[in-house]
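I opened this entry to record what I looked up in one model.

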Amino acid sequence: MNGKEIALNTIQRLEREAQASKKKVCFISFNPTPASESFITAKTRVAKRLGIEVVLRDEPGLSTEEAIKRIGEVAKEGFDGIVVQLPLRGDMDTVAVLNSIPTELDIDLLGEESKLAYKEGKTDRVPPVAGAIEEIFKAHNVSLEEKRIVILGKGRLV
């Protein structure tokens, strides 16, 4: 499997689809680290390639309550989506922070309501890992029809 080739093909397809839409997203980092900054840089590069405006917000040192309040303020600024970069600091309530992202703005579908909307088929959005697996299956012409599969993961994203 050539993951880079699949990613490039997916980005090229999304570029064609995104030409007509002008989107604006906000990436919020409550715990900037070299690793999280690397992820944000990669996400920003792809978003910009797709013509999506990206606003970065570094908000270190906020409490859980302050982070939730900040997300509420950001949600009112007219963004089409919000990503809270994980991991949060150990003293923060990750579930509460992720649940504070309005479902319609939760790009990664990490809030409980967002996950439920996906599970119940009430959103067109797909969690990133599920979407990546779907792209891999498409690239290799793998049909899931009449198959039962299980994908196991230890983290919050799988």
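I began with burial: 33% of the 158 residues of the protein count as buried. The model is a predicted one, so I treat every value here as computed from predicted coordinates.

**Overall shape.** I looked up the spans along the principal axes, and the C-alpha trace covers about 45 × 35 × 30 Å. I then compared the radius of gyration with the globule rule. A compact globule with 158 residues would have a radius near 15 Å, and the protein has 16 Å, which agrees. For the surface I noted an accessible area of about 10,300 Å², and 54% of that area belongs to carbon and sulfur atoms.

**Elements and contacts.** I counted six helices and three strands. Read from the N terminus, their order is α-β-α-β-α-β-α-α-α. I also checked how far apart in sequence the contacting residues are. Of the contacts with a separation of 6 or more, 68% are between residues 24 or more positions apart.

**Largest pocket.** I next asked how much space lies in the largest pocket. The figure is about 2,000 Å³. I listed 45 lining residues, and the closest to the pocket centre are Leu14, Val46, Ile107, Asp108 and Pro128. Elements giving two or more residues to this lining are α1 (3–18), β1 (24–29), α2 (34–49), β3 (81–85) and α6 (128–139). Which of them gives the most? I found that α1 does, with nine residues. By residue class, I sorted the lining into 27 nonpolar, six polar and twelve charged.

**Cis peptide bond.** I went through the backbone and noted that the bond from leucine 86 to proline 87 is cis, with omega near 0 degrees. Proline 87 sits in the loop between β3 and α4 (94–99).

**Positive phi.** I noted two residues that are not glycine and yet have a positive phi: asparagine 141, at about 50 degrees, and glutamate 146, at about 60 degrees. I placed asparagine 141 in the segment after α6, and glutamate 146 lies in the segment after α6 as well. Are these residues buried or exposed? Asparagine 141 has a relative accessible area of 73%, so I count this residue as exposed, the cut-off being over 50%. Glutamate 146 is exposed too, because its relative accessible area is 81%.

Notes
Residues numbered from 1 in each chain as written. Predicted model: local features only at pLDDT ≥ 70, side-chain atom pairs only at ≥ 80, totals over all residues. Heavy atoms only, no water. 1 Å grid on protein atoms, 1.4 Å probe; cavity = no way out; pocket = protein on both sides within 12 Å on 5 of 7 lines; lining within 4 Å. Points joined across faces, edges and corners; volume = space filled by probe spheres on them. Helix = DSSP H or I, 4+ residues; strand = E, 2+ residues; numbered from the N terminus. Nonpolar A, V, L, I, M, F, W, Y, C, P; charged D, E, K, R; others polar. Rg over C-alpha atoms; globule rule 2.2 N^0.38 Å. Buried < 20%, exposed > 50% of the residue type's maximum accessible area, 1.4 Å probe, protein only. Contact = heavy atoms within 4.5 Å. Areas by Shrake-Rupley, 256 points an atom, 1.4 Å probe, with all protein chains shown as cover.
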